[in-house]
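Walk through this model one site at a time. Keep the sequence and the coordinates side by side as you read.

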Amino acid sequence: MSDSKTNVSIDNSGVDPQSNFSLNPTFAAIVEGRMARRRFLKGSVGAAVAAIIGGSLAACSSSDGDPVPVVPPVNTAPLLGFTAVAAGRADAIQVPAGYTATAFLPWGTPLAGTYPPFLADATNSGAEQEQQVGMHHDGMHFFPIDTRSAGDSSTEGLLVFNHEYIDHNLIHPNGIDTVPRIADQVRKEVAAHGVTVAHIQQQTDGSWALVNNSPFNRRITGATPMELSGPVRGSSKVITKYSPDGSRTRGTLNNCGNGFTPWGTYLTCEENWAGYFVNADAEQPREHSRYGVSSSNGRYFWETAAPAADVYQRFNAGSTGASATEDYRNEPNTFGWIVEIDPFNPDSVPQKRTALGRFGHEGIIFGKLEEGKPVVLYSGDDSTFEYIYKFVSAAPYNKNTAGGHLLNEGTLYVARFNEDGSGDWLALDINNTDFAAKAATAGVTFTDQADVLLNTRLAADVAGATKMDRPEWGAVHPDTGEVYFTLTNNSRRTEQQTDAANPRAANTTGHIIRWHERETQSATAFDWDIFLLAGDVGTETPDTELVLTADNHLASPDGLWFDKNGLLWIQTDMSGSQQGEGPFGNNQMLVADPVTRQMKRFLVGPTDCEVTGISATPDMKTLFVNIQHPGDRSTPAEFTSHWPDGGNSRPRSATVVITKDDGGVIGS
Ligand code: FEO
Ligand code: CA
Ligand code: CA
């Protein structure tokens, strides 16, 4: 965005740059949804889920008659029993009657080291920010403290959460007003990115507190040393001055959604990382241009930091040296990955798992686990007209030996949603005959599988994937394994570009799509339908009973999560103007029954925020939700929100702890 209060044009990270101009087809016609729905339901265990959510089934049958074991729900009280929160524009958190929401661990909270206090005038230094909670909370997971054994603690654990970006108008007393940038301001901004690991404990009064001086408390930032693992490690295209053998890099950036593994590690996702770099060479390599690396300046001008230092100069990805070992022409190639972090080992080096592909990763979600079968993960590429991907590990999952190695070798696929409600996973594998033939036809050459992965978007173009309306988070039903994905919006889709999976032109309000795999999670065919078309009151989702009301109208669905009871939680990320002028009020969180499509608004956030990131204790009695960028239309002189501290305070992103006043299960 352009801000008249400073002399610097800042491209904030709410952007969704279009860099897919490939010519793979969109369907010309909107297809009758009936066939798609019929195909989806055939083989679906939706009806069984209805019974589970009703509360009492311990086992049920799939449509082919085989028994499907299910995990008993943790709650037998009726769910969705609360009264929906009204849409609104208060500068506060609204939750249903009978619930309490409390801000927790806001930006700047002393976390580690010398625990430097947060200074309300934003004068904390870069070194202090490195020891404090970062800015702009996003994806999050609660790891019970006994994750590696019973995994059932609901009173103590590690809360791990992302910091997607920084707000230049709030992180410093006077915003950003000089280029070249002041090095310590850049240090602070780099440190406000990344991930927080916070050891937290429930107190006797029911509140939650940080465990001070815990060895687990840790900041991972935009400068933390990391390793590249998987097929791209050692590639000539990730050689840098910092890592002449192409095995290492520094930092993770623009960490949006998240995932977590069955073996107790955290996954953070690099989304709009390309904007942090500049490459002003006459011609950019495809590894840069297809992802939108700027040819003029990095988003926050970090490359200009003075006094100059290697850790900042690396954001200039031009060919300034004689070879790749003397400059940072390949630095952007070390971003765009899923990063695995072991929160239980504070000395662990984060691993960038390159087998999972390189794109604008929104989040990542495991498919339903099956002992002895491959692990399956899904990830969306959140940019206009980008794709949804699936990774299938080469090695099988065994609970006792599972670990990060499962993410180093496997097959990456991209989704094609067919008009008739079927879908295909298209392998992005240089040794796959079909893929190799398509690449040859397109005149695209990949030197090896590392080259395919570095150019995942191009590979997906070649394969003929379906261009989606900005894929955001995915969620997998805990019992059925059905996969749901938010498609947040795409105002650029024209009538001619509509297809069955993206049926609306100028789609400003978004939708949610879902599918189930044919037979096994690793199948290459699936069946899909549209779960929800978002919009104003009265919006109908074709071929369903769903008509949105004042209790559940919404736009720009983004965060998505299934709780243990099989309820689907939906978080919104409307733009400032959509919140300010539309019928929806502030960003919000809703909860839906995936079978009946009953849906109620559970939370409304403060002014100019995004509601994103969600996790819970195993007993579902404490829910953690993140509030990102409250007051994001603030200037250094005028704050548009004062949440959470009130008065005239500077707004701060924070986690919110939600409990039910009667001690019951959240969502009941
Ligand atoms: Fe960071 Fe796609 O939201
Ligand atoms: Ca998001
Ligand atoms: Ca979003």
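Aspartate 573 is partly exposed at 21%. The model is predicted: local features need pLDDT of at least 70, side-chain atom pairs count only at pLDDT 80 or more, and totals for chains, interfaces and linings use all residues. Residues are numbered from 1 along each chain as its sequence is written, chains are lettered from A and ligands numbered from 1 in the order in which they are written, and side-chain values use heavy atoms, with hydrogens and water left out.

The calcium ion (ligand 3) has Glu472 (OE), Asp558 (OD) and Asp573 (OD) as its protein donors, at 2.3 to 2.5 Å. Donors here are N, O and S atoms within 2.8 Å of the metal, or 3.2 Å for Na, K and Ca; water is not among the atoms, so sites may look incomplete. Along the chain the spacing reads E-x85-D-x14-D. Aspartate 558 sits in strand β24 (residues 557-562), while aspartate 573 sits in the loop between β25 (568-572) and α11 (576-581), so the pair ties together parts 15 residues apart in sequence. Helices (H or I, at least four residues) and strands (E, at least two) are DSSP runs, numbered from the N terminus.

Which residue bridges the calcium ion (ligand 2) and the calcium ion (ligand 3)? Glutamate 472 does, and the two ions lie 3.6 Å apart.

Turn to the calcium ion (ligand 2). Its protein donors are Cys256 (SG), Glu362 (OE), Glu472 (OE), Asp558 (OD) and Asp558 (OD), at 2.3 to 3.2 Å. The spacing is C-x105-E-x109-E-x85-D. The site has six donor atoms, with angles of 51 to 161° among them, and is irregular. Four donors count as tetrahedral if all angles lie between 85 and 135 degrees; four count as square planar and six as octahedral if opposite donors are over 155 degrees apart and all others between 65 and 115; anything else is irregular. Cysteine 256 belongs to strand β11 (residues 255-260) and aspartate 558 to strand β24, so this pair ties together parts 302 residues apart in sequence. Cysteine 256 is buried, at 2% relative accessibility.

Now the charged pairs. How many salt bridges does a search of the whole structure find? It finds 31. A salt bridge is a side-chain nitrogen of Lys or Arg within 4 Å of a carboxyl oxygen of Asp or Glu. One joins arginine 181 to glutamate 189, at 2.5 Å from N to O. Arginine 181 is buried, at 0%. Glutamate 189 is buried too, at 0%.

Another salt bridge links aspartate 327 and arginine 329, with 2.8 Å between the closest N and O atoms. Aspartate 327 is buried at 1%, whereas arginine 329 is partly exposed at 22%.

Arginine 514 pairs with aspartate 529 in a salt bridge, the closest N and O atoms being 2.7 Å apart. Arginine 514 lies in strand β22 (residues 511-517) and aspartate 529 in strand β23 (residues 525-533), so the pair ties together parts 15 residues apart in sequence. Both residues are buried. Elsewhere, salt bridges that share partners join Arg290, Asp381, Glu386, Arg457 and Asp461 into one network.

Arginine 250 lies in strand β10 (residues 248-250). Arginine 250 is buried, at 8% relative accessibility. Its side chain makes a polar contact of 3.0 Å with the side chain of tyrosine 328. A polar contact is a pair of N or O atoms within 3.5 Å; within protein, one must be able to donate a hydrogen and the other to accept it, and residues adjacent in sequence count only if both atoms are side-chain atoms. Leaving aside neighbours within four places in sequence, arginine 250 has contacts including Gly222, Tyr242, Asp310, Arg314 and Phe335. Contact means heavy atoms within 4.5 Å.

Glutamate 326 occupies the loop between α7 (310-313) and β13 (338-341). Glutamate 326 is partly exposed, at 46%. Not counting residues up to four places away in sequence, glutamate 326 touches Lys241 and Gly321.

Last, helix α8 (residues 433-442). At its start, a side-chain oxygen of asparagine 432 reaches to within 3.0 Å of the backbone nitrogen of aspartate 434. Just after α8, glycine 443 takes a positive phi of about 75°.

How values were computed
Buried means under 20% relative accessible area, exposed over 50%, partly exposed in between (1.4 Å probe, protein chains only).
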